[in-house]
Amino acid sequence: MTDLPLLAVTMGDPSGIGIEITAKAWTLRREQELAPFFLIGGRETIRAQLRTFEPEVPLREISSPDDARAVFADALPLLPLDPALNAAEQTIEAIRLGTEVCQQGAVHAIVTNPIHKKRLYEAGFTHPGHTEYLAALDNRPGKSVMMLACPKLKVVPATVHIPIREVPARLTAEDLTHVIETTHADLKRRFGLENPRLVVAGLNPHAGEDGSIGTEEETLIRPVVEKLEADGMNISGPFAADSLFHPAAREKYDAAICMYHDQALIPIKTLDFDGGVNVTLGLSFIRTSPDHGTAEDIAGKGLANPSSLIAAIQMAAVMSSANND
């Protein structure tokens with residue numbers, strides 16, 4: 001196990017399913033051939049949730065990431081937080097500490113469990129979400145890019161959590177170029193692809209149909225694509241999004257750049273709802289996350305499916321092995 005990457009897993013929101021799916025992933029560590037990982041979180045919060053398991057998942061505290069490998073075979077390693085922290089503070093501190101040990105080189109990647117953003121906002125959290133907080137901790141504000149990935153598809157939305165009506169105005173040549181260049185660089189650096197094949201979706205139906213159903217393709221998207229292609233990137237588009245995700249189309253590219261959130265997430269969640277992974281590109285370290293929320297309606301009932309977290313752990317390990325830093 002010493003030749004496998006070591007991963008840090010954050011607890012996520014204490015009221016959600018993060019602790020449960022982490023424990024379930026640990027119980028499947030041999031079956032799924034998982035790289036060793038440890039959980040970062042509040043001691044009492046985690047112990048209380050683990051007591052609901054039959055049989056109870058063994059937990060063993062560690063004082064540093066270096067201790068996790070020796071513990072992992074027999075117990076779920078826990079790097080505990082200051083017990084004086086409240087629930088929201090635990091959630092935030094787990095992310096900060098996980099990022100810190102990544103930056104120090106003590107672990108190969110961080111895998112983050114889902115957070116409840118509104119609850120954090122009420123506690124004074126000032127970042128839109130996980131991705132932006134990680135970028136700020138990495139001194140790269142505005143530089144991170146979200147990718148959703150599964151074995152059949154990788155998609156990157158150029159705009160993320162904004163209303164549809166704001167998408168055209170928020171799309172700029174500079175931002176679109178940054179998203180594409182960051183995706184291209186990390187497909188090479190993190191996924192080991194020597195010459196990544198990228199396709200770009202149009203914004204409008206039929207990719208604007210030569211300007212008759214919208215002009216963004218001709219005035220914004222195509223010039224960016226042609227410039228990057230002229231610079232040597234293996235990229236093409238814009239293409240009509242409705243014909244970009246069927247099996248034959250997917251064989252022709254490694255990742256699709258989409259113009260807005262649902263254009264990217266609907267196809268991947270349709271193809272692999274339980275196995276999709278959220279990957280943050282453009283950071284100095286590797287971060288993955290399950291592609292779902294806190295699921296508080298089933299938290300504590302033993303019903304949570306750990307498949308997406310397992311996929312995130314597996315992808316973090318693969319990316320660590322392929323890392324070309």
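I located Thr182 in helix H8 (residues 173-189); helices here are DSSP runs of H or I with at least four residues, numbered from the N terminus. The model is predicted, so local features need pLDDT of at least 70 and side-chain atom pairs count only at pLDDT 80 or more, while totals for chains, interfaces and linings use all residues. Residues are numbered from 1 along each chain as its sequence is written, and side-chain values use heavy atoms, with hydrogens and water left out.

I then looked up the surroundings of Thr182. Thr182 counts as buried at 11% relative accessibility (buried means under 20% relative accessible area, with a 1.4 Å probe and protein chains only). Leaving aside neighbours within four places in sequence, I found Thr182 in contact with Lys143, Val145, Leu281 and Gly282 (contact means heavy atoms within 4.5 Å).

Next, I checked for disulfides (cysteine sulfur atoms within 2.5 Å) and found zero. The closest cysteine sulfur to that of Cys150 is in Cys258, 13 Å away, which is too far for a bond. Cys150 is buried at 4% relative accessible area, and Cys258 is buried at 0%.

Last, I examined helix H1 (residues 18-27) against helix H12 (residues 307-322). Their axes, lines fitted to C-alpha atoms over the stretch in contact, are compared by N-to-C directions on a scale from 0 to 180 degrees. The two helices pack at about 65 degrees, with axes 9 Å apart. Ile21, Thr22 and Ala25 of H1 meet Leu309, Ile310 and Ile313 of H12.

Technical notes:
Buried means under 20% relative accessible area, exposed over 50%, partly exposed in between (1.4 Å probe, protein chains only).
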